[in-house]
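Please look over the model shown here with me, point by point. My notes follow in numbered paragraphs.

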Amino acid sequence: MSRKNFLRRKEQREKKEIARERIEILFTLAERVFPYDKSLANRYVGIALGVQQKAKVKMPRKWKRRYCKKCHSFLVPGVNARVRLREGHVVVKCLECGHIMRYPYLREKKAKRKSFKSTQHL
Ligand SMILES: [Zn+2]
């Protein structure tokens with residue numbers, strides 16, 4: 001690897017690291033302000049999503065289910081989101097817009113493939 005490439009990669013890594021830190025801060029702020037200012041919480045989510053898309057980083061697992069994929073509202077289970085476990089999936093319903101999101105309950109790829117196969121048989 002040339003030195004230039006090495007530096008570029010290092011820079012990319014650092015940019016992503018910064019993006020992840022910003023996402024963490026923004027979601028933490030969103031959680032904090034949510035009880036008294038929902039729309040501000042949603043604005044933080046919007047900014048966090050912008051940072052995430054620009055830096056092309058994965059949404060941290062911790063916050064992945066804490067916002068609506070459709071209306072981008074910050075979600076608090078039991079307040080504006082309903083969370084249910086169903087057939088190996090976590091089903092999150094956004095009570096702001098009614099959007100339903102499903103997340104596989106098992107994290108392992110192997111388990112994911114297995115459940116996919118078994119549903120194909122049905
Ligand atoms: Zn929604």
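1. In this predicted model, leucine 85 has valine 90 in β2 as its bridge partner. The strand β2 covers residues 89-94 and is joined to β1 by 6 bridges, with the two strands running antiparallel. Strands here are DSSP runs of E with at least two residues, helices are runs of H or I with at least four residues, and both are numbered from the N terminus; two strands count as paired if DSSP finds at least two bridges between them.

2. On the numbering and the limits of the model, residues are counted from 1 along each chain as its sequence is written. Because the model is predicted, local features need pLDDT of at least 70 and side-chain atom pairs count only at pLDDT 80 or more, while totals for chains, interfaces and linings use all residues.

3. The strand β2 is also joined to β3, by 5 bridges, and these two strands run antiparallel. One of the pairs links histidine 89 with proline 104, its bridge partner in β3. In the hairpin of β2 and β3 there are 5 residues between the strands, and glycine 98 takes a positive phi near 85° there.

4. Taken as a whole, the 3 strands form an open sheet in the order β1-β2-β3, with antiparallel pairing. The edge strands, each of which pairs on one side only, are β1 (81-86) and β3 (100-104). From one strand to the next the twist averages 20°, where axes are lines fitted to C-alpha atoms, for helices over the stretch in contact, and angles run from 0 to 180 degrees between N-to-C directions.

5. Which backbone angles deserve a second look? Most residues other than glycine have a negative phi. Lysine 56, however, is not a glycine and has a positive phi of about 55°; its place is in the loop between α2 (38-55) and α3 (61-64). With 10 C-beta neighbours inside 10 Å, lysine 56 counts as exposed, since a residue is exposed if 12 or fewer other C-beta atoms, placed from the backbone, lie within 10 Å of its own, buried if there are 20 or more, and partly exposed in between.

6. Histidine 72 likewise has a positive phi, near 60°, in a residue other than glycine. The place of histidine 72 is in the loop between α3 and β1, and the residue is partly exposed, with 17 other C-beta atoms within 10 Å.

7. For the overall picture, the protein has 4 helices and 3 strands, and from the N terminus on its elements run α-α-α-β-β-β-α. Buried residues make up 16% of its 122 residues.
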